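Hi there,

Here is the structure I promised to pass on. Have a look at it first, and then read on for my notes.

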Amino acid sequence: MPIPGYVFTGFLDAGKTKFIQETLEDPRFNAGERTLLLAFEEGEEEYDLSAFPKKNVYLEVLDQDTVTMQQLAALQKKYRAQRVVGELYARFPESWAVAQEVMFADASTILQYNANMRNLVVDKLSGCEMVVFNRVEPDADTMPLHKLARAANRRIDILYDYTDGTTKFDDVQDPLPFDINAPVIQIKDEDYALWYRDVTEEPEKYVGKTVCFKAQVAM
């Protein structure tokens with residue numbers, strides 16, 4: 001059986017360590033499974049292993065540029081780990097499988113990151129199942145964050161972590177910006193990415209339909 005990996009991604013100081021710490025402190029998640037905890041960067045916070053309800057978590061801080069699949073496999077064998085928790089590492093051993101991937105984003109900086117490094121932000125959002133926008137002010141307008149996440153991944157779960165200690169899941173239902181019941185479905189330039197993801201995720205909706213969009217050919 002594959003070793004399940006719980007993967008947490010995001011930019012530096014996005015709150016990954018704090019969330020992982022709190023998750024492993026929760027006895028509903030940490031019920032005694034032998035857990036290999038991997039850290040590939042040093043943030044402002046450090047893990048407090050003494051706070052975990054079970055003494056079954058084994059921390060290893062690694063260099064992502066030099067670590068190998070063989071090293072990871074050896075660590076799993078060394079601690080007889082039943083699962084792996086930590087930051088993303090692209091070269092998992094073949095015996096490991098990603099069980100869940102969560103991205104963390106600082107609400108005060110992620111829109112600026114997106115403006116300057118859009119490809120990197122979209123890549124992280126596209127691959128995860130849930131994004132946690134933390135450090136959200138209680139009266140903040142979350143719609144720009146919602147639109148950012150949905151443009152990259154229409155099926156992603158969105159959680160807002162507010163500065164007052166409360167959390168809330170995003171419950172906005174987004175209609176598609178085009179009419180899939182029209183005789184000819186007209187796709188605007190700005191909606192092409194949404195249509196492409198929708199037809200990739202639910203191709204059966206488009207069986208027998210005619211779709212029209214203007215393609216641009218590079219010269």
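Predicted model: local features only at pLDDT ≥ 70, side-chain atom pairs only at ≥ 80, totals over all residues.

You will find V121 in helix α4, which covers residues 118–127. Setting aside its neighbours within four places in sequence, V121 is in contact with F11, I110, Y113, N114 and L148. One of these, L148, is 27 residues apart from V121 along the chain, and the C-alpha atoms of the two are separated by 9.3 Å.

Next, the strands. β1 (residues 3–10) has six of its eight residues buried, so the strand is largely enclosed by the rest of the structure. What does β1 pair with? One partner is β5 (residues 96–106), in the parallel sense and over eight bridges. Another is β4 (residues 83–87), again in the parallel sense, over four bridges. G5 is a handy residue for seeing both pairings: opposite G5 stands V98 in β5, and V84 in β4 also stands opposite G5.

Y192, Y196 and F213 make a nonpolar patch of about 300 Å². Of these residues, Y196 lies in helix α6, which runs over residues 192–201.

I hope you enjoy looking through it.

Best wishes

Terms used: Residues numbered from 1 in each chain as written. Heavy atoms only, no water. Buried < 20%, exposed > 50% of the residue type's maximum accessible area, 1.4 Å probe, protein only. Helix = DSSP H or I, 4+ residues; strand = E, 2+ residues; numbered from the N terminus. Pairing = 2+ DSSP bridges. Patch = residues over 30% accessible without salt bridge, like charges linked within 9 Å, V, L, I, M, F, W, Y side chains within 5 Å. Areas by Shrake-Rupley, 256 points an atom, 1.4 Å probe, with all protein chains shown as cover. Salt bridge = Lys/Arg side-chain N within 4 Å of Asp/Glu carboxyl O. Contact = heavy atoms within 4.5 Å.
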